[in-house]
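User: I would like to learn how to read some local features of a structure. Please show it to me, and then take the features one at a time.

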Amino acid sequence: MPKWWTRYRRRIKLRAKRQYLLARAIRRRRVLTPVMDRTSGIAPDAILGFVVQRNEAVRLPWFLDYYRKLGVDHFLFVDNDSDDGSREFLTRQPDVSLWTTSASYKDARFGLDWLNWLLLRHGAGHWCLTVDPDEILVYPHSDVRPLRALTDWLDSSAIRSFPAMLLDMYPRGAVTDQPYSPGQNPLEIASWFDPANYMIRKNGEFGNLWIQGGPRARAFFADEPEKSPALNKIPLVRWSRHYAYVSSTHMLLPRSLNLVYDESGGERASGILLHTKFLSTFVEKSAEELDRGQHYADSREYRAYHAALQDQPDFWCPESARYEGWRQLEHLGLISRGNWA
Amino acid sequence: MTRAAHLSPVPPGPIPGPVRLGVVMLCHENLPLAARMARIWQQGGATVAIHVDASVPEADMAEMRRALEGCDGILFAPRRRCEWGHFSLVAATQDAAELLLASASDTTHVLTASGACLPLRPVHELAAYLARHPGRDFIESVNALDVGWAVGGLDMERFTLRFPFSFRRQRQLFDRYVKLQRRLKIKRKVPQGITPHLGSQWWCLTARTLAAILTDPRRAEFDRFFHRVWIPDESYFQTLARRHTLGIESRSLTLSKFDAQGKPYVFYDDHRDMLMQSGCFVARKIWPRAEGLYAAFPAQSRTEEPDSYLIDQLIDSAVARRNLGRPGLYMQSRFPRKDAENGKTAAPYTVLYGLAEAYPGLPDWLPGKVDADVHGHLFAEHEVEFSAGRRIGPGGLAGSPAVRDLDPQGFLTSLIRVTKRPQMFQFSPRDRQSLNWFMATDPNMRLLVITGAWAVPLLHSGMPFDDVRRAAAIFQRRELAFLEILDSVWVKADVHRWNLAQVGTDPKAPLAALLGADLPKDHPQVADLSGMRPFLDRLRNAGLRPRKLGDFRHPQRTARAPLLKDAS
């Protein structure tokens with residue numbers, strides 16, 4: 001088969017896939033009921049945050065605070081049938097637009113249809129950050145430069161998507177040892193991570209890198225690592241209405257948005273999402289999620305967690321590193337400044 | 001006057017006459033900020049001629065006029081529509097400069113700045129500096145024939161080719177047309193009397209030189225020529241100043257650095273101290289929202305002479321990081337293709353192939369003797385043998401073979417990159433062989449090979465002979481495949497080879513090579529090879545020809561013969 005033909009076929013196939021994803025998103029817009037729509041106040045150059053959440057009342061105060069300080073101008077939340085007061089909390093926030101739905105998270109491709117719809121409707125032309133409530137974005141210079149500095153630089157470099165892989169953070173000792181309280185910086189508890197335990201493969205079809213590893217692969221998936229969760233993410237994108245997330249924020253279409261890495265030896269700029277899933281709230285959460293069975297691949301991940309949680313897992317090992325800041329991550333080679341000096 | 005009076009200390013450089021600075025300011029966006037910068041220049045005593053791109057909306061323009069209302073010495077030049085890379089930018093500069101020289105006839109120096117240029121030092125310091133260098137034109141001006149000024153772009157061809165297509169909007173046409181002209185060898189003639197020079201468009205000329213350029217009797221001819229030059233704002237004044245100057249200082253007073261993509265570097269609040277120390281007069285580009293910088297500058301400088309060493313270093317390291325990257329790093333934004341790695345691994349490491357089999361006591365003896373982390377068989381099929389029997393390796397590397405085998409190259413490179421000490425591990429045909437090519441082509445690897453060592457554990461295993469024979473066939477096939485790689489021309493590793501028979505006769509050689517020093521007395525002994533000859537005979541009689549083990553009948557004869565010719 002000539003190369004151009006393979007490429008052409010792939011292009012046609014991926015375009016069909018993208019259109020299918022967008023059609024799904026558009027069709028499912030009706031399940032989203034607006035609770036508080038403040039989108040008319042979004043400035044033309046605003047940086048937007050897109051979040052799907054369910055019963056995250058404990059985490060939300062610190063989460064919103066962190067991203068506001070970073071420079072997210074407006075948050076668009078989808079609330080999936082919460083009953084812990086998080087919906088009411090979000091309604092009270094001046095910079096949050098909120099939709100709610102009781103539809104199935106799983107049927108919406110793990111919330112992605114909802115996100116794709118909101119991104120299509122409100123994200124076009126904006127820098128859009130799509131994160132979970134337990135993900136903390138850190139990028140080079142994030143201690144001194146706001147998100148706007150990064151997006152301006154990306155704009156001037158004609159870069160449309162910015163990668164930030166997931167870095168699983170964990171506490172020292174059992175996950176349940178230190179209770180997390182609202183408003184607290186989760187990194188005070190989950191401050192450890194694996195510095196160099198990551199496997200990278202290239203996904204030829206979508207062009208993205210497939211990164212696995214970290215403490216979850218080490219502790220839960222040692223025997224079948226190919227089933228361990230993906231860690232590669234592209235959460236920050238200058239959105240256009242043709243774009244669609246394919247599988248969580250791991251990959252996007254069109255394919256060119258996934259090409260965030262350099263293949264000829266140089267380093268491109270990249271950040272990280274500190275994943276603070278493993279807090280005291282996790283035990284309760286994993287039991288609930290397992291009951292609902294709404295997660296990826298038959299909630300395989302949650303079943304593994306639940307089994308392991310019975311005997312109080314401790315991810316910490318003498319090789320774990322304590323988080324110190326983005327310079328440490330850059331030194332370890334987890335992120336890079338690229339040429340953003 | 002006495003002789004002593006001549007030698008009395010004088011201030012650095014004479015100040016012959018007052019300097020009257022004029023600034024030509026080119027703005028195309030963010031007018032409020034430009035107005036703020038214009039005020040800084042104007043309050044410092046400079047006359048400012050502002051050119052605003054005609055594509056800026058009238059309302060913004062009116063706003064700017066209002067903001068600068070009542071300021072003496074602010075002039076607005078006629079507006080033109082400017083396009084990057086075209087003559088319109090030069091024409092705008094000419095207009096503004098003419099206006100400036102006509103309106104403020106006592107101007108002695110003219111500086112070009114953009115609306116995003118921030119004066120780092122007070123205007124009077126700049127004036128004093130210019131006064132100490134009377135008659136000098138500060139304009140970077142590099143002969144276009146001496147290539148290397150532009151980042152990845154055209155040099156002399158900027159002058160000799162034609163560029164009818166927009167670089168930004170019609171990139172493909174632009175590139176193709178350049179290629180076509182090169183192939184057809186079409187060249188424009190450079191007018192007599194000028195030598196093409198390139199340089200930063202941010203310059204500071206004496207009014208005399210600038211006036212000479214603007215009133216040159218051949219200006220119409222030169223303008224016509226430069227109309228078709230690519231990015232003339234980086235060559236027009238740089239070339240013509242050479243024609244009229246009394247003395248050129250070929251450097252820019254404006255700190256303006258370009259990255260690997262030819263895009264100007266942007267400064268942020270965290271660069272404040274560095275900019276403060278540099279002693280540069282003007283900086284660009286400043287991030288428009290870097291309020292900390294706008295508040296801090298202009299500031300008195302402690303150094304007289306501009307010195308951007310620290311900033312140059314910062315930018316050079318960024319360019320190196322973007323173009324070359326850190327060797328041996330594989331991550332989310334650096335995933336080099338095979339052979340484009342610029343360093344496959346981050347540090348030297350040692351692989352001991354077959355040594356653990358030939359010297360059974362070696363793994364226990366070695367750790368104290370070398371300055372390295374000595375692992376066991378890292379790539380063993382059913383185990384990852386980290387040093388000291390650890391379950392989890394350096395950097396949190398999982399001790400699970402399945403995890404390792406998902407990305408063995410990543411496993412090895414991470415291990416080498418995350419550890420501070422050199423790494424050393426055992427290897428044999430018993431292990432996973434997927435990294436053989438990668439390691440053999442890596443200059444960081446030191447490989448000590450004892451061929452045929454796989455036979456030693458089999459000899460002493462006590463397994464049924466059928467099983468031994470089957471295992472021997474597998475190990476030998478793998479070893480021959482590895483040796484084929486080691487005999488190829490692509491090998492970059494530092495390879496030392498012995499065969500088992502050689503080791504039997506001279507047991508110290510591999511160990512001495514490994515330690516690189518005299519062997520201590522307690523060095524490990526070679527395994528008992530006395531049964532090897534009948535063992536090999538038995539294998540041969542069972543249909544498996546042993547190869548690469550050396551000659552156990554005449555050990556002295558064993559030599560490293562080429563693969564295909566080697567019978568034993």
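Analyst: Helices are DSSP runs of H or I with at least four residues, numbered from the N terminus. With that rule, Glu88(A) is placed in helix α3 of chain A, residues 86-91. Note that this is a predicted model.

User: Is Glu88(A) buried, exposed or partly exposed, and why?

Analyst: Buried means under 20% relative accessible area and exposed means over 50%, with partly exposed in between. Glu88(A) has 44% relative accessibility, so the residue counts as partly exposed.

User: Which residues gather with Glu88(A) in a patch of negative charge?

Analyst: Like charges are joined into a patch within 9 Å. Here Asp81(A), Asp83(A) and Asp84(A) gather with Glu88(A) in a surface patch of negative charge.

User: Which residues are buried in helix α2 of chain A, and what follows the helix?

Analyst: Helix α2 covers residues 60-70 of chain A, and its buried residues are Leu60(A), Trp62(A), Phe63(A), Leu64(A), Tyr66(A), Tyr67(A) and Leu70(A). Gly71(A) follows α2(A) with a positive phi, near 120 degrees.

User: Where is phi positive in a residue other than glycine?

Analyst: One case is Phe110(A), with phi near 55 degrees. Phe110(A) sits in the loop between β4 (96-101) and α4 (112-123) of chain A, and is partly exposed because its relative accessible area is 27%. In chain B, phi of Asn30(B) is near 50 degrees. Asn30(B) belongs to the loop between β1 (21-27) and α2 (31-43), and its 35% relative accessibility is why Asn30(B) counts as partly exposed.

User: What is Gln94(B) in contact with, leaving aside neighbours within four places in sequence?

Analyst: Contact means heavy atoms within 4.5 Å. By that cut-off, Gln94(B) touches Phe87(B), Leu214(B), Arg219(B), Asp223(B), Tyr236(B) and Phe237(B). Gln94(B) is part of helix α4 (residues 87-103) of chain B. The relative accessible area of Gln94(B) is 3%, so this residue is buried.

User: Which residues are joined by a cis peptide bond?

Analyst: Look at omega. For the bond between Arg284(B) and Lys285(B), omega is about 0 degrees, and the peptide bond is cis. Lys285(B) lies in the loop between β12 (282-284) and α12 (291-296) of chain B. Phe297(B) and Pro298(B) are also joined by a cis peptide bond, with omega about 0 degrees. Pro298(B) is in the loop between α12 and α13 (309-323) of chain B.

Notes:
Residues are numbered from 1 along each chain as its sequence is written. Chains are lettered from A and ligands numbered from 1 in the order in which they are written. This is a predicted model: local features need pLDDT of at least 70, side-chain atom pairs count only at pLDDT 80 or more; totals for chains, interfaces and linings use all residues. Side-chain values use heavy atoms; hydrogens and water are left out. Patches are made of residues with over 30% relative accessible area and no salt bridge: like charges are joined within 9 Å, nonpolar side chains (Val, Leu, Ile, Met, Phe, Trp, Tyr) within 5 Å. Accessible areas come from the Shrake-Rupley method with a 1.4 Å probe; for residues, only the protein chains shown count as cover. A salt bridge is a side-chain nitrogen of Lys or Arg within 4 Å of a carboxyl oxygen of Asp or Glu. Lys and Arg count as positive and Asp and Glu as negative; His and the chain ends are not counted. The place of a charge is taken as NZ of Lys, CZ of Arg, CG of Asp or CD of Glu. Helices (H or I, at least four residues) and strands (E, at least two) are DSSP runs, numbered from the N terminus. Buried means under 20% relative accessible area, exposed over 50%, partly exposed in between (1.4 Å probe, protein chains only).
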